[in-house]
Amino acid sequence: MSTPHFETEAIRTQIERSQFLEHSSPLYLTSSYIFEDAEDMRASFSEEKERNIYSRFSNPNTSEFVEKIAKMEGAEAGFAFATGMSAVFSSLAALLNAGDHIISARSVFGSTHSLFTKFFPKWNISHSYFKVNEVDSIESLIKPETKIIFAETPTNPGVDIIDLELLGKIAKKHNLILVIDNCFATPYIQNPIKYGADLVIHSATKMIDGQGRVLGGVTVGNADLIREIYLFSRNTGPALSPFNAWVLSKSLETLAVRLEKHSENALKLAEFLESHPNVQHVKYPFLKSHPQYEIAKKQMRLGGNIISFEIKGGIDAGRKFVNSVKMCSRSANLGDTRSIVTHPASTTHSKLSEEDRLEVGITDGLIRTSVGLEHIDDIIEDIKQALS
Ligand SMILES: *Cc1c(COP(=O)(O)O)cnc(C)c1O
């Protein structure tokens, strides 16, 4: 058989069947594993044998989940975490030493920004930010102590696109580790390793679960780096629970069909918004009007399910819009079957100064929409009545 396609790997990558020959992968709720004898125990602990010892290190369900994501991303290895943030923190903490420096896009997930600005400085790890529209300045930020380039694309909540090929080239030229948070794109839409990323991180809480049930995270990439991340994590304990891994691995079986439909709905909603008189502008990667449309087309298979748009009328109009939706949920989450709207200026980013908000592309009337899997006509009808 030729190399299986994405959908086939997502469904047919399974841990070994037990004596019951179950069709769907069973759930292994066990904290530890038993040994045949003292020799088996010695060989297992010395890692001469690859096997499960304790579920903080590995578990059949987490292994299945990681194997799927690694195949989907074209990665050599991976490790699964309790949340997206534990994946970000543990992966970076495992690789960085006191005195090291990170270069990152300014538009990163809020907690990642807090990690860089509030917590890493405690260990003398510093960072420099570049703006998404100033990627040409990245090389000028490199210092002798720079170790990592970090970025998300598409960005949250601005839905800007950063050129992965360019980041890959810069990282390679200067021998830096390129880490991409690929959460907004999912492994179905974008594979940063193709462009030179060394590590790819996902919050599995979002589109990978896809149904708003469990938290999870995963890092995949270069085997040597994953080995360091594994050793750090096996001792510090951020491992994904077997139950959540089982849920997430099941979710991956439908990732491709879900993202096709999410993206189809999102494009239709984006086109509707673009034609609406109360909307100033719309940002969606696969709209021709997107400033980085060409780059999006190059590195993304689909536009994904996140749209940001600017309502005319500033903060008050944004707040009023969010109050006026009837079906769409008001929630800070994203990637659910249910469509979600948020108004970052009055919620998630309300603590930032206006200047800082603008720096990450959050204007007063900006609405972030996570387009769900309801019928598109019902989504448009709800957004339309809220806009009027
Ligand atoms: C949600 C999110 C995270 C954090 O994931 P959790 O599972 O909530 O810890 C990290 N990065 C991005 C881009 C996210 O959207």
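N124 sits in the loop between helix 5 (110–119) and strand 3 (126–130), where helices (H or I, at least four residues) and strands (E, at least two) are DSSP runs numbered from the N terminus. Its phi is positive, about 60°, although N124 is not a glycine. At 52% relative accessibility, N124 counts as exposed; the cut-offs are under 20% for buried, over 50% for exposed and partly exposed in between, with a 1.4 Å probe and protein chains only. This is a predicted model, in which local features need pLDDT of at least 70, side-chain atom pairs count only at pLDDT 80 or more, and totals for chains, interfaces and linings use all residues. Residues are numbered from 1 along each chain as its sequence is written, and side-chain values use heavy atoms, leaving out hydrogens and water.

**Backbone features between strand 4 and helix 7**

- Most residues other than glycine have a negative phi, and most peptide bonds are trans.
- V159 has a positive phi of about 55° without being a glycine, and V159 belongs to the loop between strand 4 and helix 7.
- V159 is buried, with a relative accessible area of 1%.
- P154 is in the loop between strand 4 and helix 7 (164–173), and a cis peptide bond with omega of about -5° joins T153 to P154.
- P157 is also placed in the loop between strand 4 and helix 7; the N156 to P157 peptide bond is cis, with omega near -5°.

**Around the ligand**

- Residues surrounding the ligand include F109, E152, C183, F184 and K206, each having a heavy atom within 4 Å of it.
- A polar side-chain atom of D181 lies 2.6 Å from a ligand nitrogen atom, while one of T205 lies 2.6 Å from a ligand oxygen atom.
- M85 brings a backbone N or O atom to 2.8 Å from an oxygen atom of the ligand.

**K206**

- The unreviewed UniProt entry annotates K206 as "modified residue: N6-(pyridoxal phosphate)lysine"; such annotations may be inferred rather than shown by experiment.
- K206 is in the loop between strand 6 (199–203) and strand 7 (217–221), and K206 is buried at 11% relative accessible area.
- Not counting residues up to four places away in sequence, K206 touches F109, C183, N333, L334 and G335, contact meaning heavy atoms within 4.5 Å.

**T146**

- T146 lies in strand 4 (residues 146–152) and is buried, with a relative accessible area of 8%.
- The side chain of T146 reaches the backbone nitrogen of K143 at 2.7 Å.

Key
A polar contact is a pair of N or O atoms within 3.5 Å; within protein, one must be able to donate a hydrogen and the other to accept it, and residues adjacent in sequence count only if both atoms are side-chain atoms.
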